[in-house]
Amino acid sequence: GYRLLLAGKDVNRLNTFAGSLKEHGARVEVTSMNSAEPLRNADIIMISSSGEEVQAIADHLRAAAARKIIVSTSGEFYPEHTEPPIDSSVAEELQKMLPFAKVVKTFSIHLGSGFGSPLVNGETRDTFIAGNDHEAVKTIAEVIQNAGYFPIIAGELRVSRKLEKMQAMFHQLTTGKDFNWYARWKALHS
């Protein structure tokens, strides 16, 4: 097995997701980004933060990140009404800053309480995954499936640019409309 650490500011939201993983036998711990000790002991570190915080996160993780899987769930790169850059993504920038880590992008298109809700109206939520290290992507697909979601491997880390744009577009579509926080993208597959 693996030891998964969920790190971020919204510890309550992460605890909900951790509960789902624990139901399936995962060893999961939740911490704020200020705790260094849990970072060193984890096999997988999943970060829930805004794209604007990527430099601070990389600085904080640098000593602990070597050879570990670092999962970026960040959506937008810049403040809310600014387009993300075309030639990069939060995950790609994190990979540049942590060259010895295995950065994987996932959950970036889930809004609101999506972490704790693998089912919406009886349907399993699809979760896209992007990363350059195939073993790391495979491991994260397993984590996602064990949490009750349907993993879809979208491609290499550069695909995270599209995933971030999907999240930004989805945010625009749902703002001011009758969608709730459980709205999602769905890939129709058989």
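**Nonpolar cores and a helix pair**

In this predicted model, L21 touches L4, A26, V28, V143 and A147 once neighbours within four places in sequence are set aside. L21 also belongs to the largest nonpolar core, which has 24 residues; together with L4, L6, F17, I44 and I140, L21 is among the members that touch the most others. Two or more residues of this core come from each of β1 (3-8), α1 (11-23), β3 (44-48), β4 (69-72) and α5 (134-146). Helix α5 supplies the largest share, 6 residues.

In soluble globular proteins, nonpolar side chains tend to be buried together.

Attention now turns to helix α3, which spans residues 54-61 and contains L61. L61 counts as buried because its relative accessibility is 0%, against a cut-off of under 20%. Although 22 residues separate L61 from L39 in sequence, their C-alpha atoms are 7.4 Å apart in space.

Helix α3 also packs against helix α4 (residues 90-97): their axes come within 10 Å and cross at roughly 35°, and the crossing is right-handed. On the α3 side the contact involves V54, Q55, I57 and A58, and on the α4 side V90, L94 and M97. By class, this contact consists of 6 nonpolar residues and 1 polar residue, with no charged residues.

Methods: Residues are numbered from 1 along each chain as its sequence is written. This is a predicted model: local features need pLDDT of at least 70, side-chain atom pairs count only at pLDDT 80 or more; totals for chains, interfaces and linings use all residues. Side-chain values use heavy atoms; hydrogens and water are left out. A nonpolar core is a set of buried Ala, Val, Leu, Ile, Met, Phe, Trp, Tyr and Cys residues joined through side-chain atoms within 4.5 Å. Buried means under 20% relative accessible area, exposed over 50%, partly exposed in between (1.4 Å probe, protein chains only). Helices (H or I, at least four residues) and strands (E, at least two) are DSSP runs, numbered from the N terminus. Contact means heavy atoms within 4.5 Å. Axes are lines fitted to C-alpha atoms, for helices over the stretch in contact, and angles run from 0 to 180 degrees between N-to-C directions. A crossing is left-handed if the near helix is turned anticlockwise from the far one by less than a right angle, and right-handed if clockwise. Ala, Val, Leu, Ile, Met, Phe, Trp, Tyr, Cys and Pro count as nonpolar, Asp, Glu, Lys and Arg as charged, and the others, Gly among them, as polar.
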